[in-house]
Amino acid sequence: MPPTHTIDLNCDMGESFGAWTLGNDEGLLPFITSANIACGFHAGDPSVMRQTVRAALKHGVAIGAHPGLPDLVGFGRRNLDLSAEEAFNLTVYQLGAITAVAKAEGGRLHHLKPHGALYNMAATNAALAEALAEAVYRVQPELVLYGLANSELTKAGEKLGLRTAHEVFADRTYQANGTLTPRRQPDALITDANAAIAQVLRLVQAGQVRSQQGSDVALRADTVCLHGDGAHTLEFAQRLNEALRAAGVQLQAARPAVAP
């Protein structure tokens with residue numbers, strides 16, 4: 001039976017820095033279809049960026065920019081009082097850096113996905129969302145803009161004519177309004193692998209997720225995020241990949257607006 005659904009599996013990568021190593025990028029690459037590569041603000045450095053791009057190209061995984069807030073200590077997960085102009089500037093800066101690295105390795109970018117607090121702020125703040133979408137549009141309008149499903153960021157991208165990918169999460173819980181449960185809350189993460197896989201299958205096949213308030217929330221699912229810094233991430237990535245394929249779901253990177 002041919003696949004009835006298609007989904008992209010993306011993972012945040014290249015988040016090591018200097019002498020510190022985070023995640024198992026090389027191990028995860030065979031099980032995903034797109035990589036969001038840190039650009040040096042929240043994590044990553046020039047050497048790590050180049051190594052990660054090279055590894056992704058070797059595995060045939062789509063390369064994406066993963067710009068974050070300039071907050072190494074907080075790993076880009078703390079909100080900053082950021083103007084729309086500042087958001088535009090830091091996105092352009094980081095997009096330029098990873099674009100140059102990809103070009104030097106014979107590749108090209110496929111998408112952009114903001115990181116951490118920048119991602120969450122742009123999901124609900126229309127001005128910030130428009131600034132990030134405008135940065136992509138002015139620099140590389142052929143890129144796919146990844147954003148939280150049904151968020152201000154995907155709306156801003158679509159308004160500009162960008163190809164967007166509505167993102168859902170395997171290991172995060174949801175609120176009734178479709179936003180992610182804040183990490184500071186004890187119920188923000190799904191630690192049971194079976195529950196996380198069941199959530200992904202329902203999102204992909206039915207376009208729904210059960211919120212923490214007990215209601216079903218309709219969400220468009222184009223791409224699923226796997227976090228690369230968990231203790232059992234590699235095992236989970238393999239299990240999720242296998243479960244999706246067994247359910248007849250085709251795995252491939254989100255389709256770009258302009259073929260590379």
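Contact here means heavy atoms within 4.5 Å. Keep that in mind for this structure, which is a predicted model.

I'll start with His-66. His-66 sits in strand β3, residues 62-66. Setting aside residues up to four places away in sequence, His-66 touches Asp-12, Glu-15, Asn-36, Ile-37, Ala-38, Cys-39, His-42, Lys-113, Pro-114 and His-115. With one of these, His-115, there is a side-chain polar contact of 3.1 Å. Is His-66 buried or exposed? Its relative accessibility is 0%, so His-66 counts as buried.

Next, helix α2, residues 46-58. The helix has 13 residues and spans 19 Å from first C-alpha to last, close to the 18 Å expected. At its start, a side-chain oxygen of Asp-45 comes to within 3.0 Å of the backbone nitrogen of Ser-47. After the helix comes Gly-60, with a positive phi near 70 degrees.

Which residues of α2 are buried? They are Val-48, Met-49, Thr-52, Val-53, Ala-55 and Ala-56. Viewed down the helix axis, the buried residues fall within an arc of 165 degrees, so they line one face of α2. Pro-46, Gln-51 and Lys-58, on the other side, are exposed. The cover over the buried residues includes β1, α1, β2, β3 and α3.

Last, the core. In soluble globular proteins, nonpolar side chains tend to be buried together. The largest nonpolar core here has 74 residues, and Ile-32, Ile-98, Leu-240 and Leu-244 touch the most other members. Beyond its neighbours within four places in sequence, Ile-32 is in contact with Leu-9, Cys-11, Met-13, Val-61 and Leu-226.

Note on methods: Residues are numbered from 1 along each chain as its sequence is written. This is a predicted model: local features need pLDDT of at least 70, side-chain atom pairs count only at pLDDT 80 or more; totals for chains, interfaces and linings use all residues. Side-chain values use heavy atoms; hydrogens and water are left out. A nonpolar core is a set of buried Ala, Val, Leu, Ile, Met, Phe, Trp, Tyr and Cys residues joined through side-chain atoms within 4.5 Å. Buried means under 20% relative accessible area, exposed over 50%, partly exposed in between (1.4 Å probe, protein chains only). Helices (H or I, at least four residues) and strands (E, at least two) are DSSP runs, numbered from the N terminus. A polar contact is a pair of N or O atoms within 3.5 Å; within protein, one must be able to donate a hydrogen and the other to accept it, and residues adjacent in sequence count only if both atoms are side-chain atoms. The expected span of a helix is 1.5 Å times one less than its number of residues. The arc is that of the directions from the helix axis to the C-beta atoms.
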